[in-house]
Amino acid sequence: MAITTFPTIDKCSSNGRENHTVVADMDGTLLRGRISFPYFALIAFEVGGILRLLFLLLVSPLAGLLYYFVSESAGIQVQIFATFAGVRVSEIESVARAVLPKFYSTDIHPESWRVLSACEKRCILTANPRIMVEAFCKDFLGFDTVLGTEIATYKGKATGFVSPPGVLVAEKKADALKKAFGDVQPEIGLGDRHTDIPFMALCKEGYMVPPNPKVEAVTRDKLPKPIVFHDGRLVQKPTPLMALLTILWLPIGFFLACLRIAVGFLLPMPVVYYALWALGVRVTVKGSPPPPAKKSTGQSGVLFICSHHTLLDPVFLSIALGRPIPTVTYSVSRLTEFLSPIKTVRLNRDRAKDAAMIKKLLDEGDLAICPEGTTCREPFLLRVSALFAELTDELVPVAMVNKMSMFQGTTARGWKGMDPFYFFLNPRPEYEVTFLNKLPAELTCGAGKSSHEVANYIQRAMAASLSYDITSFMRKDKYRALAGNDGSVVEKPVLQPNKVMGC
């Protein structure tokens, strides 16, 4: 059966499909990209670091040769072995849930999604391991069924091999479809290559998705569910070239990161701005910051209310002001506290004790706080705690924005002690600090406003400045989505590193 047997996807009508079932391939069909290397590379880096990524990159030429000149199955098996061998299944599932959806969602094919979104029931049928794609397809796109290659496991770890019937390509895809649907014939089958023809032939209608690298991906607002939270250390999708550049840059970048951190740790704050500029870190300051509080006049310190992107937000606030501003934190690693160029004071989530501590710090001078309680990478503001509004009327909102080109400076699943290093690993990291107007006296608790009214006003002000959307999500929502817990930290005499969750 030739590919020309099936018309192209643009010939498929999406009208009247409310009761239909559609079955689609993944790479090249649901996704614009026709290779799965970037997604294997993401898992390799997250579960095994730079060495696992290097191993995958080294065997990728062999995988490519096997894929194109021997069999698709053999090429995919090489990638599976290089990525999964010896890795705990729970770790793979964690990466698939917390990291991959962000990258998958930026590559959805518009024509395929037009048809898929019009149908009542959706099934993905892919040669990729099911464990990689199931969380994204079901949780974010609303697929009912995910059929993929099953990886072999032993005592909770992946062996690197696949379980029978093997990699789902060609006739094995058709067999998997028959097994899942029985005598029921799906209305639509979508594929993009000749090995998809066997399963497409089992559907009432079949359509091919031709390769078109220039087609624009589906925009975020067109997808059923926005991705507010995601994890992982890599900013860009690791294509083979990008993976190679990342590996080559890492030793150079680590030395540069140590140097940048040392600058903040050793030099006086007024000169840190210029030293970091010389080392490639750009800090842009907008707005008019207030002068420091004068203890001699009995003036209470200003409370800077910062939007939260990384744990370095208060540090860059201090750099922008040219003076160290203490900050309150929750569950920041001991290493980060040791290297911090500003004073950090730990909160314990006891409202009365925290309020007394913050009040005492304000009596001593200015203070920075991130009332969202946790970081968010996407253009959303999380729910703001109202505690700060009850403690002072000297409130200055600060909108923080940063840019990272290679590595993410936050993590929910990993060790937060490396967060500053990963931020400064970027070739040219940037921070933009925008000081908004001080909160008018008539809008404070002192003028009769409730703490929630004050907090909501500040949240709206920062969202308007950043052009962000406001959400009601909290810290526990993020950690439940990314790490499978609520992000709480229980103080113990000795804390195991893998039990410490970040803010």
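Biologist: Which residues have the most contacts inside the largest nonpolar core?

Modeller: This is a predicted model, in which local features need pLDDT of at least 70 and side-chain atom pairs count only at pLDDT 80 or more, whereas totals for chains, interfaces and linings use all residues. Residues are numbered from 1 along each chain as its sequence is written, and side-chain values use heavy atoms, with hydrogens and water left out. A nonpolar core is a set of buried Ala, Val, Leu, Ile, Met, Phe, Trp, Tyr and Cys residues joined through side-chain atoms within 4.5 Å, where buried means under 20% relative accessible area, exposed over 50%, and partly exposed in between, with a 1.4 Å probe and protein chains only. The largest such core has 118 residues, and those with the most contacts inside it are L30, F304, F316 and L317.

Biologist: Which helix gives the most residues to this core?

Modeller: Helices (H or I, at least four residues) and strands (E, at least two) are DSSP runs, numbered from the N terminus. With 15 residues, the element that gives the most to this core is helix α2, residues 37-69.

Biologist: What is L30 in contact with, beyond its neighbours within four places in sequence?

Modeller: Contact here means heavy atoms within 4.5 Å. With those sequence neighbours left aside, the partners of L30 are D25, D107, I108, H109, S112, L116, I124, C137, L141 and F143.

Biologist: How many residues does the second, separate core have?

Modeller: Among the members of this second core are L361, L367, L466 and Y468. The core is separate, and its residue count is 29.

Biologist: What is the volume of the largest cavity?

Modeller: On a 1 Å grid over the protein atoms alone, a cavity is a set of points where a 1.4 Å probe fits but cannot get out, while a pocket is an open set with protein on both sides within 12 Å along at least five of seven lines, and lining residues have an atom within 4 Å of a point. Grid points are joined across faces, edges and corners, and a volume is the space filled by probe spheres set on the points. By this rule the count is 1 cavity of 30 Å³ or more. The space in the largest cavity is about 70 Å³.

Biologist: Which residues of its lining are the closest to the centre of the largest cavity?

Modeller: By class, the lining has 5 nonpolar, 4 polar and 4 charged residues, where Ala, Val, Leu, Ile, Met, Phe, Trp, Tyr, Cys and Pro count as nonpolar, Asp, Glu, Lys and Arg as charged, and the others, Gly among them, as polar. Of the 13 lining residues, the closest to the centre are H230, T375, R377, T410 and K478.

Biologist: Which element gives the largest share of the lining of the second largest pocket?

Modeller: This pocket has a volume of about 390 Å³, and of its 25 lining residues the closest to the centre are R34, I35, S36, Y67 and Q79. Elements that give two or more residues to the lining are α2, α3 (72-84) and β2 (121-129). The largest share, 6 residues, comes from α2.

Biologist: How far apart in space are W249 and N426?

Modeller: W249 is found in helix α10, residues 240-266, and its contacts beyond four places in sequence include L425, N426 and P427. Although W249 and N426 are 177 residues apart in sequence, their C-alpha to C-alpha separation is 9.2 Å.
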